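User: Could you walk me through this model with me asking as we go? I have the sequence and the coordinates open.
Analyst: Gladly; here is what we will both be looking at.

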Amino acid sequence: MTLKPKITIEDVYGSTFQTRVIVPTDNGQAALTHYLHNSKNGVSHFYKKAATLQIKKSLQQKYPSQIINTEIAAKALQYMLSNFNTNIPFPAPKNPNFTFIDLFAGIGGFRMAMQNLGGKCVFTSEWDKYSKKTYGVNYGEIPFGDITKEEIKNFIPDNFDLLCAGFPCQAFSIAGRRGGFEDTRGTLFFDVADIIKRKKPKAIFLENVKGLKNHNRGQTINTILNVLRNDLDYFIPEPEIVNAKDFGVPQNRERVFIVGFRKDLGVKKFKYPEGVNERIVFKNVKEKEEVSVKYYLSTQYLETLRKHRARHESKGNGFGYSIIADDEIANAIVVGGMGKERNLVYDDRLSNFNPVTNIKGEVNREGIRKMTPREWARLQGYPDTFKIVVSDAQAYKQFGNSVAVPAIQATGKKILQNLNL
Ligand SMILES: C[S@@+](CC[C@H](N)C(=O)[O-])C[C@H]1O[C@@H](n2cnc3c(N)ncnc32)[C@H](O)[C@@H]1O
């Protein structure tokens with residue numbers, strides 16, 4: 001065999017990081033990127049076998065007439081590792097002071113916050129292909145897929161410090177009993193609990209919609225707390241409703257935060273962070289330049305919104321659109337339904353404003369437009385160096401589903417103080 005086992009990361013997933021969405025459905029590329037990013041912290045053996053297999057497959061594609069065995073693939077992997085440079089906007093800190101895993105990772109709001117605090121992510125999972133793309137481009141690592149699958153849980157390394165998860169909220173079917181670990185089976189919380197049970201991280205940080213507190217008449221949160229406190233043996237202070245607007249972003253977004261510490265660590269008190277005393281308003285995140293005409297509402301659509309609102313208001317119902325003035329705070333950004341209309345803004349900087357049309361018809365003369373994906377990114381505290389590489393529709397979904405990074409970061413800081421990290 002004379003083949004020089006040279007392969008570059010572009011050979012394996014070059015197109016993933018370009019504008020075309022080619023994101024793998026198997027876990028080979030996730031394993032490979034996790035292997036490359038964890039070569040110096042003692043956990044890369046969790047990823048090595050699958051990474052080698054991925055290289056083997058790619059070499060077979062690159063050199064179809066050659067026989068590629070595992071030894072050659074292993075050498076190619078080492079070659080790739082020695083030439084690996086992390087040219088990405090948000091690399092891990094150079095000398096991390098703790099490790100964490102990022103579950104239901106979305107576009108990595110937890111990761112951004114924890115990296116800012118000096119953390120190294122050692123495992124991430126997210127199954128949506130567009131979120132994987134955004135995640136890969138910004139942090140260099142492609143998340144693993146469906147976290148409910150045993151083969152994926154098996155990749156999770158041991159001995160990480162913190163588990164982060166903003167898991168979707170689902171009801172448990174518990175008839176009249178105080179729900180325990182087994183009663184949560186079949187839900188995504190079960191998988192979070194299962195990973196905590198197996199790996200016993202020092203601390204956990206869960207995030208959810210505010211409605212979790214009353215969901216199923218309180219049974220859902222009670223079950224979660226019971227499992228964490230009594231079945232898994234964690235100290236869990238009373239969950240806190242945290243509002244993004246108190247942490248320096250102009251968005252009224254309330255979320256439930258649940259933090260916890262392994263009981264043997266002796267943490268007995270926890271104080272959630274106080275907000276910062278800064279009045280940040282929409283103007284602070286507004287686009288500095290004129291935005292594309294595509295974000296402006298058509299006259300007709302604006303009229304429809306107004307008619308609907310008038311009709312609903314006469315019945316005493318609110319109707320979901322509002323126009324945020326420059327000195328106000330935005331509503332929570334959410335996806336679906338009237339999500340984008342809850343945060344319209346005035347912006348009269350449209351040149352040729354007399355009248356202009358976009359694909360939806362003539363643009364309204366009042367200068368009312370939707371917020372842009374970048375404005376949504378800023379409302380969640382993402383820096384402008386965060387790359388947006390998906391369609392607007394996907395970008396709104398991703399930022400709407402994400403977390404307010406500064407609120408997560410402030411809480412993360414408190415967790416680390418309690419762990420002396
Ligand atoms: C509320 S979002 C979390 C967003 C994230 N905290 C962020 O900062 O962007 C929940 C995420 O879980 C993902 N998800 C749902 N079920 C999953 C599963 N079984 N395996 C992996 N990811 C899953 C969804 O695609 C979604 O992106």
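**Notes on the model**

Analyst: Lys200 is partly exposed, because 16 other C-beta atoms lie within 10 Å of its own; here buried means 20 or more other C-beta atoms within 10 Å, exposed means 12 or fewer, and partly exposed lies in between, with C-beta atoms placed from the backbone. Before going on, note that this is a predicted model, in which local features need pLDDT of at least 70 and side-chain atom pairs count only at pLDDT 80 or more, while totals for chains, interfaces and linings use all residues. Residues are numbered from 1 along each chain as its sequence is written.

User: Where is Lys200 found, and what is its phi?
Analyst: Lys200 is found in the loop between helix 8 (188-199) and strand 4, and it has a positive phi of about 45° although it is not a glycine. Helices (H or I, at least four residues) and strands (E, at least two) are DSSP runs, numbered from the N terminus. As background, most residues other than glycine have a negative phi.

User: Ok, ligand next. Which residues come nearest to it?
Analyst: Of the 21 residues around the ligand, Phe104, Gly106, Gly109, Gly166 and Ser402 come nearest; a residue is near a molecule or strand if its C-beta atom, placed from the backbone, lies within 6 Å of it. By class, that shell has 9 nonpolar, 9 polar and 3 charged residues, where Ala, Val, Leu, Ile, Met, Phe, Trp, Tyr, Cys and Pro count as nonpolar, Asp, Glu, Lys and Arg as charged, and the others, Gly among them, as polar.

User: Switching to strand 3, which way do its residues point?
Analyst: In strand 3 (residues 162-165), Leu162 and Cys164 point one way and Leu163 and Ala165 the other way, and all are buried.

User: What does strand 3 pair with?
Analyst: Strand 1 (residues 98-103) pairs with strand 3 in the parallel sense over 4 bridges, and strand 4 (residues 203-209) is joined to strand 3 by 4 bridges, also running parallel; two strands pair if DSSP finds at least two bridges between them. Leu162 in strand 3 stands opposite Phe100, and its bridge partner in strand 4 is Ala203.

User: Which residues have the most contacts inside the largest nonpolar core?
Analyst: They are Ile101, Leu103, Leu162, Leu163 and Cys164, in a core of 103 residues. A nonpolar core is a set of buried Ala, Val, Leu, Ile, Met, Phe, Trp, Tyr and Cys residues joined through C-beta atoms within 7 Å.

User: What is Leu103 in contact with?
Analyst: Leaving aside neighbours within four places in sequence, Leu103 is in contact with Ser125, Ile147, Leu163, Cys164, Ala165, Phe167 and Val192, contact meaning that the C-beta atoms of two residues, placed from the backbone, lie within 7 Å.

User: What does Ile196 touch?
Analyst: Ile196, which lies in helix 8, touches Leu163, Pro201, Ile204 and Leu232, not counting residues up to four places away in sequence. Ile196 is buried, with 22 other C-beta atoms within 10 Å, and the C-alpha atoms of Ile196 and Leu232, which are 36 residues apart along the chain, are separated by 7.5 Å.

User: How many residues of helix 6 are buried?
Analyst: Helix 6 (residues 129-139) has 9 of its 11 residues buried, and what covers them includes helix 5 (109-116) and helix 12 (392-401). Just after helix 6, Gly140 takes a positive phi of about 85°.

User: Last topic: how is the protein divided into domains?
Analyst: It is divided into domain 1 (9-82), domain 2 (98-275 + 402-418) and domain 3 (288-371), with bounds that come from an automatic or database domain assignment. The centres of domain 2 and domain 3, taken over C-alpha atoms, are separated by 35 Å, and their contact takes 5 residues from domain 2 and 5 residues from domain 3.
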